[in-house]
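These are short notes on the model, written for a colleague who will be looking at the coordinates alongside them.

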Amino acid sequence: MSDPMKVLAPAHRRLRVGDAWRDAASGATFAVEDPATGTTIAEVADADVVDGLAALDVASKAMAQWAATPPRKRSELLTATYRALTGRSEEIARLITLEMGKPLAEARAEVAYGAEFFRWFAEEAVRVEGRYSTAPAGGYRILTVPKPVGPCVFVTPWNFPLAMGARKIAPALAAGCTTITKPAAQTPLTMLVLARIMEEVGVPPGVVNVVTTKRAGEVVSALLADSRTRKLSFTGSTEVGRVLLRQAADNVLRTSMELGGNAALIVCADADLDVALDGAMVAKMRNIGQSCIAANRIYVEEPVREEFTARFAERMGALSVGHGLDDGVDVGALIDETSVTTIDELVADAVDRGARVVVGGERPDGPGHFYPPTVLVDVPDDARMLRAEIFGPVAPIISFTSDDEVMAKANDTEHGLVGYLFTRDLQRALRFTEGLDTGMIGINRGLISDPSAPFGGVKQSGFGKEGSHEGILEYLDLTYAAIDLP
């Protein structure tokens, strides 16, 4: 087995600020662990407020020149990043697995997915357009000019350490913005590799800055309090999102938020059960269930509930659990001990309230943060797991008898990120598409993420879109000029 750490030299396990790889001003570092073994795999710089503001200094100074860079040049640099990522896919995937825990096949898929954002927004960079028109009353012309919003602060999560940064950095650079990314402390290494790659392909100093830290609250707060910051994009929990929104309000920052989810996956009696089972496995088990768009609640119409449950439990129970770098592993380690404990408590709560475990349900002995694929039935409405974001390989199955009933249950949550529906009835699919309070819905498929599609939620799952043409608009302000022309 090759060493996944070879992709990131010790010199590049530090802060990326301007044209330098530098230690934290205090000299502090923190450990990054392999969640499958609990062993330390690297030490990285632990930034404080001084370091964060140093990154903002260089991002601010680089802003004018980067905004003035021809769109074609920005596009070419993004395309070069895409090619570099795909060319080094295997070594980057192995690093993702090592620091995050997901199986290697899923890490490879994440590299492909993350790289695609750079290709997509390379194409969008040359298609930013304004408008010139005659005012309806005549006498003057209306001119609209899109402009980059300014230096952006990105706070990214640990579950997709490449893709979540890529889908923020790529549109920001395409629009002409400079960036400061604060990756999750559990998985900072992949973001440092991306910064190194973008340096190698020729992205100018100061455009892409990376600040790793265990003191996220104080560093990010200082960045948001500085008037030079003009945009915040955050992916993470609703609770943290609320805090950041309050802080962003002081300087009236442009914000986009992709927050928590509580996705309902609905299997109707008329569904193709083979398609529904395939979709449910993807929607539940992608990234070991550690995804904001994971199926959190599986509702199955009563006539097919027994068959679906038996077949789904059989497939869940057949998945192999182990280190993500080992051959044949389907389910890797969860990110940390807190995650395992939280999931164990949710399962125990459901069982105490009358739920029954069909498969799994008991954490294994030994090192690493593992939890087996688990299926529960007879889960009551008051079980905590139906309200909380499970973020793990646990699937509660609940029966329903009517569309109105399941629609009401699916919408009975503060979240509104995504829903899934399996049916062969087109009219039924359209009714659910209009009736579910979600920003996205998968119809007869369990995977909805696509760089060409607008990703985002409603209610307390956030606002703003990532990906698609709409994604670049999050990084553009619009100036309107009224031009006198009798």
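1. The model is predicted.

2. Extent of the interface. On the domain 1 side, 26 residues are in contact with domain 2, where 28 residues take part. About 2100 Å² is buried between domain 1 and domain 2. Carbon and sulfur atoms account for 56% of that area.

3. Polar and charged links. Between domain 1 and domain 2 there are 10 residue pairs in polar contact, with both residues of a pair at pLDDT 80 or more. The rule finds one salt bridge across this interface. Arg242 and Glu414 meet through their side chains in a salt bridge, with an N to O distance of 3.7 Å.

4. What domain 1 contributes. Three helices each supply at least two residues to the side of domain 1 that touches domain 2: H3 (89-100), H4 (104-124) and H8 (238-249). Helix H3 gives the most, with five residues. By residue class, this side of domain 1 has 10 nonpolar, eight polar and eight charged residues.

5. Thr413. This residue sits in the loop between helix H12 (403-411) and strand S17 (415-416). Is Thr413 buried or exposed? Thr413 counts as buried because its relative accessibility is 13%, below the 20% cut-off. A polar atom of the Thr413 side chain lies 3.1 Å from the backbone nitrogen of His415. Setting aside residues up to four places away in sequence, Thr413 touches Asn262, Arg297, Arg387 and Lys459.

6. Gly139. The loop between strand S5 (131-134) and strand S6 (140-148) holds Gly139. Gly139 has a relative accessible area of 32%, so the residue is classed as partly exposed. Which residues does Gly139 contact, leaving aside its neighbours within four places in sequence? They are Asp484, Leu485 and Pro486. The C-alpha atoms of Gly139 and Leu485 are separated by 5.5 Å, although the two residues are 346 residues apart along the chain.

How values were computed. Residues are numbered from 1 along each chain as its sequence is written. This is a predicted model: local features need pLDDT of at least 70, side-chain atom pairs count only at pLDDT 80 or more; totals for chains, interfaces and linings use all residues. Side-chain values use heavy atoms; hydrogens and water are left out. Contact means heavy atoms within 4.5 Å. Buried area is the accessible area (1.4 Å probe) that two parts lose on being put together, summed over both. A salt bridge is a side-chain nitrogen of Lys or Arg within 4 Å of a carboxyl oxygen of Asp or Glu. A polar contact is a pair of N or O atoms within 3.5 Å; within protein, one must be able to donate a hydrogen and the other to accept it, and residues adjacent in sequence count only if both atoms are side-chain atoms. Helices (H or I, at least four residues) and strands (E, at least two) are DSSP runs, numbered from the N terminus. Ala, Val, Leu, Ile, Met, Phe, Trp, Tyr, Cys and Pro count as nonpolar, Asp, Glu, Lys and Arg as charged, and the others, Gly among them, as polar. Buried means under 20% relative accessible area, exposed over 50%, partly exposed in between (1.4 Å probe, protein chains only).
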